[in-house]
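Dear colleague,

Please find the structure below, with the sequence beside it. My notes on what was found follow directly after.

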Amino acid sequence: MSVDILAFGPHPDDVELLCGGTVAKLAKHEYSIGCVDMTRGELGTRGSSEERAEEAAEAARIIGAAFRENLDIPDGGINCRDYDQRHKVVEVIRKHSPKMVICPAAKDRHPDHAQ
């Protein structure tokens with residue numbers, strides 16, 4: 001499925017925290033949106049990864065995303081120098097051919113976000 005905007009988040013709630021308002025507004029203007037979570041957030045202290053997945057699916061529905069995928073990279077282990085992880089990102093971008101990609105800023109207090 002090709003989309004206009006592909007939004008990446010290191011953890012299942014990061015797309016909403018990073019750009020949820022922007023994505024929701026773009027969806028209302030009929031841009032197609034896809035969300036990609038890089039990890040399952042299994043190291044998080046609030047809720048299980050299953051609960052996070054359910055919440056992420058509902059959040060994607062609310063903001064108007066056409067789909068939400070997870071790259072299943074280990075939480076706390078995102079490494080931009082890792083070939084397999086980079087390949088997962090490249091493949092999802094090729095698969096959806098977005099016109100725009102949204103991702104976290106390069107400098108962030110959380111190591112997964114910076115990566």
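This is a predicted model: local features need pLDDT of at least 70, side-chain atom pairs count only at pLDDT 80 or more; totals for chains, interfaces and linings use all residues.

Strand β1 covers residues 5–9, and five of its five residues are buried. In a regular strand the side chains alternate between the two faces of the sheet. Here Ile-5, Ala-7 and Gly-9 point one way from β1, while Leu-6 and Phe-8 point the other way.

Turning to the charged residues, the structure holds seven salt bridges. One of them joins Arg-68 to Glu-16, with the closest N and O atoms 2.6 Å apart; this pair links strand β3 with helix α1, parts of the chain that are 52 residues apart. Arg-68 and Glu-16 also belong, together with Asp-37, to a network of salt bridges.

Another salt bridge is formed by Asp-72 and Arg-40, whose closest N and O atoms are 3.1 Å apart. Asp-72 lies in the loop between β3 and α3 and Arg-40 in the loop between β2 and α2, so the pair ties together parts that are 32 residues apart in sequence. Asp-72 counts as partly exposed because its relative accessibility is 44%, which falls between the limits of 20% and 50%.

Finally, where is a negative surface patch found? Such a patch is formed by Asp-13, Glu-50, Glu-51, Glu-54 and Glu-55. Of these residues, Glu-54 is found in helix α2, and Glu-54 counts as exposed because its relative accessible area of 59% is over 50%.

Best wishes

Methods
Residues are numbered from 1 along each chain as its sequence is written. Side-chain values use heavy atoms; hydrogens and water are left out. Patches are made of residues with over 30% relative accessible area and no salt bridge: like charges are joined within 9 Å, nonpolar side chains (Val, Leu, Ile, Met, Phe, Trp, Tyr) within 5 Å. Accessible areas come from the Shrake-Rupley method with a 1.4 Å probe; for residues, only the protein chains shown count as cover. A salt bridge is a side-chain nitrogen of Lys or Arg within 4 Å of a carboxyl oxygen of Asp or Glu. Lys and Arg count as positive and Asp and Glu as negative; His and the chain ends are not counted. The place of a charge is taken as NZ of Lys, CZ of Arg, CG of Asp or CD of Glu. Helices (H or I, at least four residues) and strands (E, at least two) are DSSP runs, numbered from the N terminus. Buried means under 20% relative accessible area, exposed over 50%, partly exposed in between (1.4 Å probe, protein chains only).
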